Amino acid sequence: MAVDQSFVGRTYPPEDVYEVSAEKVREFASAVAGAGSATVLGGPLATADVPAVHTDAAAARALGHADVVAPPTFAVVLAQRSDARFLADPAAGVDFSRVVHGEQSFTHHRPVVVGDRLVTTLHVDGVRVAAGNAIVTTRNEIATEGGEPVCTATSVLVVRAPETPAPRTQEDGA
Amino acid sequence: MSATVGSQEAGGDQRLEVGQEVARRTFGVHRADLVRYAGASGDFNPIHWSERTAVGVGLPGVIAHGMFTMALAGRVVQDWCGGDPGRVSSFGVRFTKPVVVPEEGTEVEVVAVVGALDEGAPAEGDAPARPATVRLDLTATCAGVSVLTRARAVVRR
């Protein structure tokens, strides 16, 4: 099924407020701390290598921040949730199990900090076909409820063309 | 696992030169990391935890979330910024090859070099002040294969 190019230019306004919590920042920062084998050996609470700025408000304030700061890629949590409004729409024609991430960029207007109440506006900036693959570009503008810009997250997703009829089973479907 | 990341204090980097390597770190990556990242990020695509699904869609096996690899590169950048993610003004990557994660795990090595230096400029007319920045150019390799290209972070000095 081809990705529907008529979605280009479509904008999805914010649907809900994402409140950045201390525990979510700690969880995400722990997951990307590069614990490696420590994750296996120490279980899900292995957090020894997490930078203090993600867990300790005093450490964050010492660096000039209002509260605990999220990692530089944390905004992807909001961006992917927002992207799903387009990608999971059956009318868009995206087979999620064939989606691979092509590019990602973040422009940080200011850091994401605990207590932020953020809203996300999705823009479908492009859908084009190259070598049978569909290349989808989305842009999520993340701002505070009050309209202060926080982060612009741009994603390029590649929906790979099936070489053969998909052999996967229904229960494995995304 | 080795960790040889040079911490960089604000204002202490006057001797930086374009092309200079400033950080290098190797991260172990296990399937447990991917499960954990799936939960933390909300990205439950089964190609990151189901061998059958991954192979079924033509991948060599379970692969890491691209965003997990990007986050490891981001960690190297953040450490170089003295642990302060607030100094990262932009960060972008292209994912070129998947990080295949077998049962026994794998490793990703991240290297950061100085890509460009900007001394900044004061506000002039309608143009706002531009802060002094360093562009760090990153490479990430897994099993000898480059997995990121055009991986760049602009950080305030």
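## A two-chain model at a glance

Helix 1 of chain B is followed by Gly42(B), a residue whose phi is positive, near 85 degrees. (Helices here are DSSP runs of H or I with at least four residues, strands are runs of E with at least two, and both are numbered from the N terminus.) This is a predicted model, in which local features need pLDDT of at least 70 and side-chain atom pairs count only at pLDDT 80 or more, while totals for chains, interfaces and linings use all residues. Residues are numbered from 1 along each chain as its sequence is written, chains are lettered from A and ligands numbered from 1 in the order in which they are written, and side-chain values use heavy atoms, with hydrogens and water left out.

**Helix 1 in each chain**

- Helix 1 of chain B (residues 31-41) is largely enclosed by the rest of the structure, because eight of its 11 residues are buried. Buried means under 20% relative accessible area, exposed over 50%, and partly exposed in between, with a 1.4 Å probe and protein chains only.
- Those buried residues are Arg31(B), Asp33(B), Leu34(B), Arg36(B), Tyr37(B), Ala38(B), Ala40(B) and Ser41(B).
- In chain A, helix 1 spans residues 22-31, and its buried residues are Lys24(A), Val25(A), Phe28(A), Ala29(A), Ser30(A) and Ala31(A).
- These chain A residues pack against strand 2 (18-19) and helix 4 (76-87) of chain A, and also against helix 1 and helix 3 (66-80) of chain B. Contact means heavy atoms within 4.5 Å.

**Chain A overall**

- Chain A has four helices and six strands, which run β-β-α-α-α-α-β-β-β-β from the N terminus on.
- Of the 174 residues in chain A, 50% are buried.
- Among chain A contacts with a separation of 6 or more, 70% are between residues 24 or more positions apart.

**Two domains in chain A**

- Chain A is assigned domain 1 (1-20 + 70-174) and domain 2 (22-69), with bounds from an automatic or database domain assignment.
- The contact between them takes 12 residues from domain 1 and 10 residues from domain 2.
- Together the two domains bury about 960 Å², and carbon and sulfur atoms give 79% of that. Buried area is the accessible area (1.4 Å probe) that two parts lose on being put together, summed over both.
- On the domain 1 side, Ala70(A), Pro71(A) and Val114(A) lose the most area to domain 2, together 49% of what that side buries.

**A local look at Gln5(A)**

- Gln5(A) lies in the segment before strand 1 (11-12) of chain A and is partly exposed, with a relative accessible area of 45%.
- Leaving out residues up to four places away in sequence, Gln5(A) touches Val127(A), Arg128(A) and Val129(A).
- The C-alpha atoms of Gln5(A) and Arg128(A) are separated by 7.2 Å, although these residues are 123 residues apart along the chain.

**Where chain A meets chain B**

- In this interface, 51 residues of chain A are in contact with 42 residues of chain B.
- The area buried between the chains is about 3,800 Å², of which carbon and sulfur atoms give 55%.
- Three salt bridges cross the interface, a salt bridge being a side-chain nitrogen of Lys or Arg within 4 Å of a carboxyl oxygen of Asp or Glu.
- Arg94(B) forms a salt bridge with Glu103(A), and their closest N and O atoms are 3.3 Å apart.
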